[in-house]
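Dear colleague,

Please find below the structure that I am handing over to you. My findings follow directly after it.

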Amino acid sequence: MIQDEFSGALVAEEWGFVGGMCPAMHTLESVVAEIAPTNIPVLLVGESGTGKAMFAQRMHRLSTRCDKQFVNIICAAMNPAQLSTELGLSASGNGNGHASTETAGTVVFDEISELDAICQRNLLYTLPDGDGSPRQGTLGARVISTTSRNLDEEMRAGRFRAELYYRVNGVCLRLPPLRDRREDIPILVEYFLSKHAAQLRRSRPSLSPRTLRVLLDHSWPGNIRELENVVKKIIALGDEQLAVAELTVVPAPPRLEVRERRGYSLKAAARAASREAERGLILKALEHTRWNRKRAAQELQISYKSLLYKLKQIGVQDSDAD
């Protein structure tokens, strides 16, 4: 499955990747600006929703091939026959004429770790090997790959070809999850509010400090994509508290079983905890002395009479010692 999903998409600056962002993102921008004009293959690594697709689009826009087609291949939807067709390969794996990637300036292999072994082999055939002697069927486009998995681990486990890994990993860029760049959340929120208010033809809301606090405190397992969906929901519903309600759900603390309606005082709790600890020590001493109460009293450094009294308190009868 091929998507040209970024046609007409906003450039990365409009999504807040440039200016006012965290140091990690500024560093990424600097590296992207350096490598975009080159033909070196790039591997973008990051959790789902961290912006890998937008970075790929940005590199295409900054490249010398920006006037050519940007092709996005969804690897999870590819079987060997489909991939071979798109790459211009015959069933035998040799170059065989037209492919959808033929006129592309940049080809992105989205979630490349999803390719099966045969697809990986076929893709490997089309990638330049760096020896300066291109062969028939070699991709002339800039190659960018994305993954949310650890390809080092996939390679060691035998699920990803080592040759393919080193071929696509010319430069590896790791995108931080949103939870590690919380200072960027207000900027992203402002952008998404403007974007979706315009798209939905609604007035642009101003979020309350409470809602902003909720957005800053959320862990964002879905990263930027999840944040955008929440902001879109705020505008669509017109009720920010309702839109973020699911982000504020906190598990209820365990209920204490109380015998009296007056509650469970701290003093009562302390006494209960003390009795339970005392009971444990007494039983441990009795077990250690094979239920010899006199020896247990000596180990506990209390009188024999006191031990008998405490045994009665904790509900241990004489018959238990037999």
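Leaving aside residues up to four places away in sequence, Thr-211 touches Ile-234, Glu-240 and Val-244. Thr-211 belongs to helix 8, which covers residues 209-217, and its relative accessible area is 0%, so it counts as buried. Please bear in mind that this is a predicted model.

As to the chain in general, its secondary structure consists of 13 helices and six strands. Of the 322 residues in the chain, 40% are buried. Among contacts with a separation of 6 or more, 73% are between residues 24 or more positions apart. The chain exposes about 18500 Å², and 51% of this is supplied by carbon and sulfur atoms.

Turning to charged pairs, a search of the whole structure finds eleven salt bridges. Three of them are described here.

- Glu-29 and Arg-58 meet through their side chains, at 2.8 Å from N to O. Glu-29 lies in helix 1 (residues 23-35) and Arg-58 in helix 2 (residues 52-62), so the pair ties together parts that are 29 residues apart in sequence. Glu-29 is buried at 9% relative accessibility, and Arg-58 is buried with a relative accessible area of 11%.

- Arg-179 forms a salt bridge with Glu-47, and their closest N and O atoms are 2.5 Å apart. Arg-179 lies in the loop between strand 6 (171-174) and helix 7 (185-200), while Glu-47 lies in the loop between strand 2 and helix 2, so the pair ties together parts that are 132 residues apart in sequence. Arg-179 is partly exposed, at 33%, and Glu-47 is partly exposed at 29% relative accessibility.

- Arg-149 and Glu-114 meet in a salt bridge of 3.1 Å, N to O. The pair links distant parts of the chain, 35 residues apart: Arg-149 is in the loop between strand 5 and helix 5 (151-156), and Glu-114 is in the loop between strand 4 and helix 4 (117-126). Arg-149 counts as partly exposed at 34% relative accessibility, as does Glu-114 at 35%. A network of salt bridges links Glu-114, Arg-149, Glu-154 and Arg-159.

On the cysteines, a search of the whole structure finds zero disulfides. Cys-22 is buried, with a relative accessible area of 4%, whereas Cys-172 is partly exposed at 30% relative accessibility.

Finally, two details concern helix 12 (residues 293-300). At its start, a side-chain oxygen of Asn-292 reaches to within 3.2 Å of the backbone nitrogen of Lys-294. Just after helix 12, Gln-301 takes a positive phi of about 60 degrees.

Yours sincerely

Notes: Residues numbered from 1 in each chain as written. Predicted model: local features only at pLDDT ≥ 70, side-chain atom pairs only at ≥ 80, totals over all residues. Heavy atoms only, no water. Polar contact = N/O pair within 3.5 Å; in protein donor to acceptor, adjacent residues only side chain to side chain. Helix = DSSP H or I, 4+ residues; strand = E, 2+ residues; numbered from the N terminus. Disulfide = S-S within 2.5 Å. Buried < 20%, exposed > 50% of the residue type's maximum accessible area, 1.4 Å probe, protein only. Contact = heavy atoms within 4.5 Å. Areas by Shrake-Rupley, 256 points an atom, 1.4 Å probe, with all protein chains shown as cover. Salt bridge = Lys/Arg side-chain N within 4 Å of Asp/Glu carboxyl O.
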